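My notes follow in the order I made them.

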Amino acid sequence: MAKVFSGSRTKFMPFRRTKPGIGAENRTAIGKNQPGSRRSTIIGAPVHSSGTLVHITDPSSPVQLNVFTYDGDTFTEGKYKKVDDIPVSSTAPSTQMTWIDVDGVHYSDVISQLADRYDIHSLVQTDIKTTEQRTKLDVLDDSLFLVCKLIFRDVANTGHTIIEQMTFYLKENILITFQETPKDLFDSIKNRIRQGKGRIRKSKVDYLFYSLVDVVVDHYMDVLDTMGSKVEAIDNQLMKTLKRDTLESIYDMKRDMLYLRSIISPLKEIIIKLQKEEETMIMQESTNIYLKDLFDHVVQVNDSIDTYREMLASFIDFYMMLNSNAMNEVVKTLTIISTIFIPLTFISGIYGMNFENMPELKYEYGYYIVLSVMATLAILMLGCFKHKHWF
């Protein structure tokens with residue numbers, strides 16, 4: 001969460017932190033029997049002037065462990081609250097794969113117990129608990145560890161776009177995923193495992209790993225489609241009206257795109273590294289062709305971000321041009337008015353002098369003649385300006 005200071009009215013900020021990062025005082029708490037530090041990011045959440053702290057989820061909610069054990073012929077599924085409740089089979093065949101989906105990373109004890117059982121390095125445990133890690137891939141002696149951001153639209157509840165951290169720990173025949181909150185984004189994968197459809201149950205666990213990352217990238221594309229619609233709406237609004245709120249929206253969207261690029265762009269190098277990964281022998285040769293397709297999707301996402309960034313930059317230039325044109329119109333109008341009044345002021349200044357020998361002052365209709373001359377001059381000048389299309 002974050003404390004936001006603003007004016008008296010409610011504003012909308014594009015990326016909103018909902019909990020502080022792990023500072024020095026929080027790092028000392030890692031490994032203790034208390035909820036760990038976590039925070040999510042919301043795109044489009046309102047920031048209130050009071051600067052109150054907002055929690056996305058209840059940190060006291062229990063962690064749920066969803067365990068899928070499968071091979072080509074069999075499948076079992078279980079939901080557990082404690083690591084000790086997960087059954088361990090010492091005679092499991094080499095073709096049996098296990099996926100442990102952990103919903104919630106706010107209890108250090110659960111992560112520590114999983115680490116003890118599956119030999120997860122202490123540094124990896126710290127990365128799992130620290131939910132503000134950059135997107136990265138660590139190749140360990142016998143495992144792979146991936147940190148990425150899960151970006152999705154909370155259509156059912158708030159309609160906001162939420163960014164959370166998701167981590168993958170991949171070993172031979174076992175995959176452990178850590179999510180900050182329970183969600184149904186991977187139900188399609190789970191249903192394919194339950195029903196035995198597709199290649200997941202027929203392949204090694206690296207294919208499951210690819211399938212999950214592919215779902216993550218698909219949600220990137222969905223979010224970008226939504227943001228692309230907003231970019232088009234800004235484009236249409238620019239052509240109709242010139243408002244300061246439009247410029248603020250452009251800058252907010254541009255900042256959003258920069259943030260998205262910073263968390264999505266590293267995936268290109270990560271997928272290339274996965275294709276060349278030969279040290280742990282976890283990634284199979286048969287999965288490389290799917291990784292190439294995944295790489296193409298990531299490149300497409302990054303290209304879309306770059307395109308939207310360029311469009312937003314051009315919007316800013318266009319807004320400045322429109323604003324300058326509007327200012328020029330104001331200056332032109334004032335200049336025309338001033339130009340018309342120059343000869344009128346000159347005439348009124350002459351006859352405003354207090355000389356006694358001014359014959360025109362003696363005329364009976366002199367006042368009306370001067371007014372007529374001044375009006376005629378003003379009309380002639382306006383006609384001349386109109387003929388030159390100055391207004």
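I first wrote down what the burial words mean: buried is under 20% relative accessible area, exposed is over 50%, and partly exposed is in between, with a 1.4 Å probe and protein chains only. With that rule I looked up Asn-173, which counts as buried because its relative accessibility is 16%.

Two notes on the source. The model is predicted, so local features need pLDDT of at least 70 and side-chain atom pairs count only at pLDDT 80 or more, while totals for chains, interfaces and linings use all residues. Residues are numbered from 1 along each chain as its sequence is written, and side-chain values use heavy atoms, with hydrogens and water left out.

**Entry 1: positive phi**

I noted that most residues other than glycine have a negative phi. Asn-173 is not a glycine, yet its phi is positive, about 70°. I found Asn-173 in the loop between strand 10 and strand 11. Helices (H or I, at least four residues) and strands (E, at least two) are DSSP runs, numbered from the N terminus. Asp-119 also has a positive phi, near 55°. Asp-119 sits in the loop between helix 2 (108-118) and helix 3 (122-129). Is Asp-119 buried or exposed? Asp-119 is exposed, because its relative accessibility is 55%.

**Entry 2: salt bridges**

I used this rule: a side-chain nitrogen of Lys or Arg within 4 Å of a carboxyl oxygen of Asp or Glu is a salt bridge. The count by this rule is ten salt bridges.

I looked at Asp-142 and Lys-171, whose side chains meet in a salt bridge at 3.6 Å, N to O. This pair links distant parts of the chain, 29 residues apart: Asp-142 is in the loop between strand 8 (136-139) and strand 9 (143-153), and Lys-171 is in strand 10 (residues 161-171). Asp-142 is partly exposed at 38% relative accessibility, whereas Lys-171 is buried at 13%.

Next I looked at Glu-164 and Lys-183, which form a salt bridge with their closest N and O atoms 3.0 Å apart. This pair also links distant parts of the chain, 19 residues apart, with Glu-164 in strand 10 and Lys-183 in the loop between strand 11 (174-179) and helix 4 (187-195). Glu-164 is buried, with a relative accessibility of 3%. Lys-183 is buried too, at 15%.

**Entry 3: helix 5 and helix 8**

How are two packed helices described? The description uses the angle between their axes and the distance between the axes. The axes of helix 5 (residues 205-240) and helix 8 come within 10 Å and cross at roughly 15°. Axes are lines fitted to C-alpha atoms, for helices over the stretch in contact, and angles run from 0 to 180 degrees between N-to-C directions. I therefore wrote down helix 5 and helix 8 as roughly parallel to each other, a term for angles under 35 degrees.

In helix 5 I looked up Asp-206, which is buried at 1% relative accessibility. Its C-alpha atom is separated by 8.5 Å from that of Glu-172, 34 residues apart along the chain.

In helix 8 (residues 288-350) I looked up Ile-337. Ile-337 counts as partly exposed because its relative accessibility is 42%.

Terms used: Angles under 35 degrees count as roughly parallel, over 145 as roughly antiparallel, 65 to 115 as roughly perpendicular and the rest as oblique.
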